[in-house]
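Visitor: I'd like to learn how to read a structure like this, feature by feature. Can you walk me through it?

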Amino acid sequence: MRVVVRRLRVEDVEKLQALVVENFDAIEPGLTVLAARLLLGHATIDVMGIDTAGALVLGTVGFTANEEMLLKAVEAYSWCLEYREAVVRHYPSCQLSEARPSRMLFVVERMPDAFHRKIKQLGFPEVDCVEVRHLEFDGTPTVYFESLLRLRRPVVPAATRVVEPIDSAPPAGGASQASANVVTMTRPAVRATGGERCMSLDLST
């Protein structure tokens, strides 16, 4: 008996993103969704999850892999490293540190050779590029994923920096003076931004 397979057209990128989120564990056994459309810094990541080892997975979804996806990935990746305590506080099931940074995941319908070359030049320790297809098997719609690139590099944590204080005496009024290189974080809160239909990790009061 012959099986009839037909490729289904996805009308817009939001529909594609929804298909990926709904079938996230089909990309890799054990992948679990933590959030979708999450604002990290200045980038909205399409899906955030964890793998079976507890590693954080940041995924971007699109029809064709491009530089905009790369910029989003770099912003989200660096933000999660800088504010890893906030991320772990909101999602205790994930493990995130300099020695164990986020995994990057690109889910696309098409990956040009130029994107393939560029992704290899970036410093992400773990990258997966996956092709997604929306298919119909004998009238039953399904989502199919195929690995295009699996990149693994050893993690080299940044060297610890020691900053010598300019003046050990506290400023007037008894308040402590923070170095320009130190970011002071308040207790983060998850908030919804209705206009962008996404969630964000908000570090402001």
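Visitor: Let's start with contacts: among those between residues at least 6 apart in sequence, what share join residues at least 24 apart?

Guide: This is a predicted model, so keep that in mind throughout. Take the contacts between residues at least 6 apart in sequence, and 58% of them join residues at least 24 apart.

Visitor: And which elements does the protein have, in what order?

Guide: There are four helices and nine strands. Going along the sequence, you get β-α-β-β-β-α-α-β-α-β-β-β-β.

Visitor: How much of the protein is buried?

Guide: The cut-off to know is that a residue under 20% relative accessible area is called buried. Here, buried residues account for 40% of the 205 residues. As for the surface, the protein exposes about 12200 Å², with carbon and sulfur atoms supplying 52% of that.

Visitor: Can we zoom in on one residue? Where is V132, and is V132 buried or exposed?

Guide: V132 belongs to strand β6, residues 126–137. Its relative accessible area is 2%, so V132 is buried. Leaving out residues up to four places away in sequence, V132 touches R7, L16, V20, V107, V108, E109, V143, Y144 and F145. Look at Y144 in that list: V132 and Y144 sit 12 residues apart in sequence, yet their C-alpha atoms are 5.8 Å apart in space.

Visitor: What about aromatic rings? How many aromatic pairs are there?

Guide: In general, you describe a pair of rings by the distance of the centres and the angle of the planes. This structure holds three aromatic pairs. One of them is Y77 with F124, edge-to-face, at 5.0 Å centre to centre and 65° between the planes. Y77 is in helix α2 (residues 67–82) and F124 is in the loop between α4 (113–121) and β6, so the pair ties together parts 47 residues apart in sequence. Both Y77 and F124 are buried.

Visitor: How are the rings of W79 and Y83 arranged?

Guide: Their centres are 4.9 Å apart and their planes meet at 45°, so the pair is tilted. W79 and Y83 are both buried too.

Visitor: On to charges. How many salt bridges does the count come to?

Guide: The idea is a side-chain nitrogen of Lys or Arg within 4 Å of a carboxyl oxygen of Asp or Glu. By that rule the count is 13 salt bridges. Take R103 and E126, whose closest N and O atoms are 3.7 Å apart. R103 lies in strand β5 (residues 103–110) and E126 in strand β6, so this pair ties together parts 23 residues apart in sequence. R103 counts as buried at 6% relative accessibility, while E126 is partly exposed at 29%.

Visitor: Which other residue meets E126 in a salt bridge?

Guide: R152 does, at 3.4 Å from N to O. R152 is in strand β7 (residues 140–152) and E126 in strand β6, 26 residues apart.

Visitor: And which residue pairs with R150?

Guide: D128, with the closest N and O atoms 3.4 Å apart. R150 is in strand β7 and D128 in strand β6, so parts 22 residues apart in sequence are tied together. R150 is exposed at 54%, whereas D128 counts as buried at 7%.

Visitor: Which residues are linked in a network of salt bridges?

Guide: E28, D51, R103, E126, D128, R150 and R152. E28 lies in the loop between α1 (13–22) and β2 (32–40), and a polar contact of 2.9 Å joins its side chain to that of R103.

How values were computed:
Residues are numbered from 1 along each chain as its sequence is written. This is a predicted model: local features need pLDDT of at least 70, side-chain atom pairs count only at pLDDT 80 or more; totals for chains, interfaces and linings use all residues. Side-chain values use heavy atoms; hydrogens and water are left out. Helices (H or I, at least four residues) and strands (E, at least two) are DSSP runs, numbered from the N terminus. Buried means under 20% relative accessible area, exposed over 50%, partly exposed in between (1.4 Å probe, protein chains only). Contact means heavy atoms within 4.5 Å. Rings of Phe, Tyr and Trp (its six-membered ring) pair if their centres lie within 6.5 Å; planes under 30 degrees apart count as stacked, over 60 as edge-to-face and the rest as tilted. A polar contact is a pair of N or O atoms within 3.5 Å; within protein, one must be able to donate a hydrogen and the other to accept it, and residues adjacent in sequence count only if both atoms are side-chain atoms. Accessible areas come from the Shrake-Rupley method with a 1.4 Å probe; for residues, only the protein chains shown count as cover.
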